[in-house]
Amino acid sequence: MKTVPAKTILQKNKSADWFGGEYNMNLYKGCCHGCIYCDSRSDCYQLKDFETVRAKENCLQILRDELRRKVRTGIVGTGAMCDPYNPFEETELLTLHAMELLDAFEFGVHVLTKSSLIARDTDVFQSIAEHSPVLCQVTVTAAEDSLSALVEPNVCVTSERLEAIEKMSESGLFTGIVMTPLLPFIEDTEENVLGIVRRAKECGARSVYPMFGLTMRSGQREYFYRKLEEIFPNSGLAERYAKTYGERYVCNSPHIKRLWKVFTEECQRLGLAYEMRDIIASYKLGYGDSQLSFF
């Protein structure tokens, strides 16, 4: 495991719009999951050798000292940039020990991952939930394992992620699915969307947060197009993307209106939260104002 220097671990968020987090935390730099659409690969983030995972030096000691200095507690989010449950976490245990620190200093947590390894830390999340809000989310973009294996090649398939959600849900944790991004011309079908929503309900998830499209910037766009040509040869998908979206950052599905309609109707029928404000309100329900000071 390579390491990189670090001066700070906790970053104060400008707002709590992203799942209610007041702080953001990244213990690792880079990701080896190989998802063909990952926006963190974009040039603007200046993450050289993105697929090489590096741990931040002394990250647990730095995190401990930062938590100790905070006057008010809050929600610490992790997973927006680099997956906290990359394969090295199985032996490095940095995320596990960071969760133990959040528990000790009575902070809440929001975790987003594609790895079923998150279920390993169920008991720590349960301990945190005794005093602070906890939201455990897994990204799912394809209902079928065969498709998830193509677009997210180095991480466990959809069925394994849902098994992790089921285990955590059964333990009483607030769990959810992040259905983003949905790749236009590949995953933006009613069958795929409804399949994900129904499987989320079956495994005990309480929410599904969607994005019917993807984002592309310099660096990531070129990588994405190369991967489309490799994975779907002779499909013309890369050319179709270029012609449809050009240099756009937000690339919504051409079917977004229809997909939003069938998605929201099914979520309402199944009792799943799907809007950001409702997800935040739901997983924070029952916790005192001291945990919600950033609202």
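**Entry 1: ground rules**

I number residues from 1 along each chain as its sequence is written, and I use heavy atoms for side-chain values, leaving out hydrogens and water. Since the model is predicted, local features need pLDDT of at least 70 and side-chain atom pairs count only at pLDDT 80 or more, while totals for chains, interfaces and linings use all residues.

**Entry 2: the sheets**

I took helices (H or I, at least four residues) and strands (E, at least two) as DSSP runs, numbered from the N terminus. Two strands pair if DSSP finds at least two bridges between them.

I looked up an open sheet of 7 strands and wrote down its order, β2-β3-β6-β7-β8-β9-β10, with mixed pairing. Its edge strands are β2 (10-12) and β10 (207-210), each pairing on one side only. Neighbouring strands here are turned by 25° against each other on average, direction ignored; the axes are lines fitted to C-alpha atoms, for helices over the stretch in contact, and angles run from 0 to 180 degrees between N-to-C directions.

I also noted an open sheet of 3 strands, in the order β1-β5-β4, again with mixed pairing. β1 (2-4) and β4 (28-29) are the edge strands. β1 pairs with β5 (residues 54-56) in the parallel sense over 3 bridges, and threonine 3 stands opposite alanine 55 in β5.

**Entry 3: strand β8**

How many residues of strand β8 are buried? I found 6 of the 6 residues of β8 (residues 134-139) buried, so the strand is largely enclosed by the rest of the structure. Buried means under 20% relative accessible area, exposed over 50%, and partly exposed in between (1.4 Å probe, protein chains only).

In a regular strand the side chains alternate between the two faces of the sheet. In β8, Val134, Cys136 and Val138 point one way, and Leu135, Gln137 and Thr139 point the other way.

I then checked the partners of β8. Strand β7 (residues 108-113) runs parallel to β8 and is joined to it by 5 bridges. Valine 109 has valine 134 as its bridge partner, and threonine 113 stands opposite valine 138. Strand β9 (residues 175-179) is also parallel to β8, with 4 bridges.

β7, helix α4 (residues 122-129) and β8 make a right-handed β-α-β unit. Right-handed means that, with the strands pointing away from the viewer, the path from the first strand over the helix to the second runs clockwise. Helix α6 (residues 158-170) lies across β8 and β9, and runs at about 155° to β9.

**Entry 4: threonine 139**

Threonine 139 lies in β8 and stands opposite valine 178 in β9. It is buried, with a relative accessible area of 6%. I listed its contacts (heavy atoms within 4.5 Å). Leaving aside neighbours within four places in sequence, threonine 139 is in contact with Tyr37, Leu112, Thr113, Lys114, Arg161, Val178 and Thr180.

**Entry 5: the cores**

A nonpolar core is a set of buried Ala, Val, Leu, Ile, Met, Phe, Trp, Tyr and Cys residues joined through side-chain atoms within 4.5 Å. The largest one has 58 residues, and Met25, Met99, Leu102, Ile118, Phe125, Ile177 and Phe263 touch the most other members. Helix α3 (residues 94-104) gives the largest share of this core, 6 residues. Apart from it lies another core, of 19 residues, including Ile36, Leu147, Phe232 and Tyr245.

I followed up phenylalanine 263: not counting residues up to four places away in sequence, it touches Met179, Val193, Val197, Val208, Pro210, Phe212 and Tyr274.

**Entry 6: a helix pair**

At what angle do α8 and α9 pack? I noted about 145° for helix α8 (residues 220-231) and helix α9 (residues 237-245), with their axes 8 Å apart. Phe224, Tyr225, Leu228 and Glu229 in α8 meet Leu237, Ala238, Tyr241 and Ala242 in α9.

**Entry 7: backbone details**

The peptide bond from threonine 180 to proline 181 is cis, with omega near 0°, and proline 181 lies in the loop between β9 and α7 (190-202).

Leucine 93 has a positive phi of about 65° although it is not a glycine. This leucine 93 sits in the loop between α2 (89-92) and α3 and is partly exposed at 25% relative accessibility. Glutamate 106 has a positive phi near 60°; it is in the loop between α3 and β7 and partly exposed, with a relative accessible area of 44%.
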